[in-house]
Amino acid sequence: MGLSTFHSLNTAARGLEAARAQIAITAQNTANAGTVGYTRQSAQLQSLPGVQPTGLFTNPTGVGQGVEVAGIGRSASELVNRQVRGAVAQTGFQQVRAEAYSGIEDVLREPGDGSVSSAVNAYHSAWQDLANNPGDAGAGAALLEAAGSLAGRLRADVQQLKDQYAAQGHELRAEVAQVNSLAEQLAQINGAIRSTGAAGGSTNELLDHRDQLAEQLSSLTGGQLRPAADGTGDFLVGGNALVSGENTKPLAVGEAADGTTIVQWEHRSGSAGVDGGSLAGRLSVLSTEGPLAGAIQGYDDLAASMANGTNGLHQGGTTGDGVQGGAFFDFDPANPAESLRVVISNPADIAHAGPNQGALDGSVADAISSLGESVSSSWTGFVSGVGSASRSALNGLSLSVGTESSARASQQSLASVDRDEEAVNLVTFQHAYQASARVLTAVDEMLDTLINRVGLVGR
């Protein structure tokens with residue numbers, strides 16, 4: 001009786017401790033229901049086997065010793081977390097691309113009264129007005145104004161595009177610095193996880209922090225976390241370790257042999273192989289085949305085509321005084337749109353007539369005006385290409401956001417805290433606590449009766 005009675009006390013006490021731990025964890029879950037990155041926790045209980053008696057002739061009691069808390073688990077799935085990291089990496093890439101095309105469209109402002117198309121049409125219409133009124137000073141002045149306005153518009157637009165290019169480079173360097181900072185934090189978390197786990201403490205909150213850092217790094221680099229058995233995690237970028245345990249290998253912005261901007265390892269040259277996230281998006285935007293370079297090239301093609309076509313015809317014509325025309329535009333072949341200038345400042349110097357055709361001939365002005373159709377057609381094709389690429393980038397962003405939302409929903413279904421569920425659990429664990437306490441009280445009262453009252457009759 002003594003052994004079984006005191007055994008019951010021990011079993012009830014263990015039940016109290018298990019219920020108390022469950023209540024404490026439930027309270028923590030409820031308190032962190034709105035904490036970003038918090039993963040729901042739960043007590044992992046295990047039954048204790050019966051006492052194994054010692055001696056020459058022994059038999060197991062067959063009665064267990066109750067329950068104990070074996071550990072505190074996290075409601076997280078590494079597979080789901082990996083899917084989320086892959087989704088945020090794709091979203092980061094598409095977001096940068098979509099923003100770049102949006103910036104280009106803001107510069108183009110097509111169609112509209114302030115667009116390049118309207119400036120090109122105004123310029124060629126001014127040539128047509130001069131062809132209709134050869135030698136008219138007013139028509140000549142209007143032509144020079146339209147030409148100057150067009151050249152100024154091209155220069156301003158290209159400067160805006162180059163400013164966007166510089167801004168993308170600045171953002172790239174800032175994000176590389178952010179990656180290095182996050183990598184240092186992850187390395188520190190790895191050290192804390194290792195030391196806390198070795199001391200027998202709970203690493204759940206540290207693991208939450210680890211996963212948050214890994215998600216941010218994936219959004220930037222497209223890399224993935226490789227968890228270790230002890231809870232630490234290496235982070236790989238392009239197949240190489242950005243973080244390995246408590247050590248990091250920083251990234252840096254560099255330049256390839258052909259002048260292309262790259263992200264490389266700080267300790268050695270050559271591309272780091274970043275293939276996802278916002279860093280890869282910025283590298284694609286900054287590449288020689290990227291949208292910004294393509295937009296600048298579109299402006300350069302327009303400027304060069306228009307200037308060369310105008311100059312070729314203008315130099316073959318004559319002014320109203322019979323003087324052979326010179327160049328109408330001047331530009332640097334390396335940067336046509338950015339350097340485009342109108343050479344002529346006096347309307348009398350405009351060569352509108354054909355050779356030996358007289359002062360009232362407007363054949364050259366009419367021929368230059370006719371160039372507008374081909375120039376406008378070429379520019380329209382360029383603008384349509386930008387619009388199509390922009391729509392494609394927006395569609396890609398929309399799809400990636402949808403994929404990310406789906407992955408996050410799966411993650412939240414596992415990891416998030418449901419206050420109603422926690423309230424039910426709290427009531428359940430309180431009843432379990434009360435039941436163990438009732439057993440403990442009953443055994444205590446029984447022992448009191450056996451020890452203090454048995455044998456009193458007849459005294």
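Modeller: The largest pocket holds about 370 Å³ of space. Please keep in mind that this is a predicted model.

Biologist: Which residues are the closest to the centre of that pocket?

Modeller: They are Val-36, Gly-37, Tyr-38, Gln-411 and Gln-412, out of 23 residues that line the largest pocket.

Biologist: How many of the lining residues are nonpolar, polar and charged?

Modeller: The lining of the largest pocket has 10 polar, seven nonpolar and six charged residues.

Biologist: Let us turn to helix packing. At what angle do H3 and H9 pack?

Modeller: Helix H3, residues 116–132, packs with H9 at an angle of about 165°, and their axes are 7 Å apart. Because angles over 145 degrees count as roughly antiparallel, H3 is roughly antiparallel to H9. The crossing of H3 with H9 is left-handed.

Biologist: Which residues make the contact?

Modeller: On the H3 side they include Val-120, Tyr-123, His-124 and Trp-127, and on the H9 side they include Ile-368, Leu-371, Val-375 and Trp-379. By class, the contact of H3 with H9 has 11 nonpolar, seven polar and one charged.

Biologist: How do H3 and H7 pack, and how far apart are their axes?

Modeller: H3 and helix H7, residues 291–315, have axes 13 Å apart and an angle of about 5°. Angles under 35 degrees count as roughly parallel, so H3 is roughly parallel to H7. Val-116, Val-120, Tyr-123 and Trp-127 of H3 meet Tyr-299, Leu-302, Met-306, Thr-310 and His-314 of H7.

Biologist: What is the make-up of that contact by class?

Modeller: The contact of H3 with H7 has seven nonpolar residues, two polar and no charged ones.

Biologist: One more pair, please. What is the angle between H4 and H5?

Modeller: Helix H4, residues 137–198, and H5 pack at about 155°, with their axes 9 Å apart. H4 and H5 are therefore roughly antiparallel to each other, and their crossing is left-handed.

Biologist: Which residues make the contact there?

Modeller: Among them are Glu-175, Leu-182, Leu-186 and Ile-189 of H4, together with Leu-206, Arg-210, Leu-213 and Leu-217 of H5. The residues of the contact of H4 with H5 divide into 12 nonpolar, six polar and two charged.

How values were computed: Residues are numbered from 1 along each chain as its sequence is written. This is a predicted model: local features need pLDDT of at least 70, side-chain atom pairs count only at pLDDT 80 or more; totals for chains, interfaces and linings use all residues. Side-chain values use heavy atoms; hydrogens and water are left out. On a 1 Å grid over the protein atoms alone, a cavity is a set of points where a 1.4 Å probe fits but cannot get out, and a pocket is an open set with protein on both sides within 12 Å along at least five of seven lines; lining residues have an atom within 4 Å of a point. Grid points are joined across faces, edges and corners, and a volume is the space filled by probe spheres set on the points. Ala, Val, Leu, Ile, Met, Phe, Trp, Tyr, Cys and Pro count as nonpolar, Asp, Glu, Lys and Arg as charged, and the others, Gly among them, as polar. Axes are lines fitted to C-alpha atoms, for helices over the stretch in contact, and angles run from 0 to 180 degrees between N-to-C directions. Helices (H or I, at least four residues) and strands (E, at least two) are DSSP runs, numbered from the N terminus. Angles under 35 degrees count as roughly parallel, over 145 as roughly antiparallel, 65 to 115 as roughly perpendicular and the rest as oblique. A crossing is left-handed if the near helix is turned anticlockwise from the far one by less than a right angle, and right-handed if clockwise. Contact means heavy atoms within 4.5 Å.
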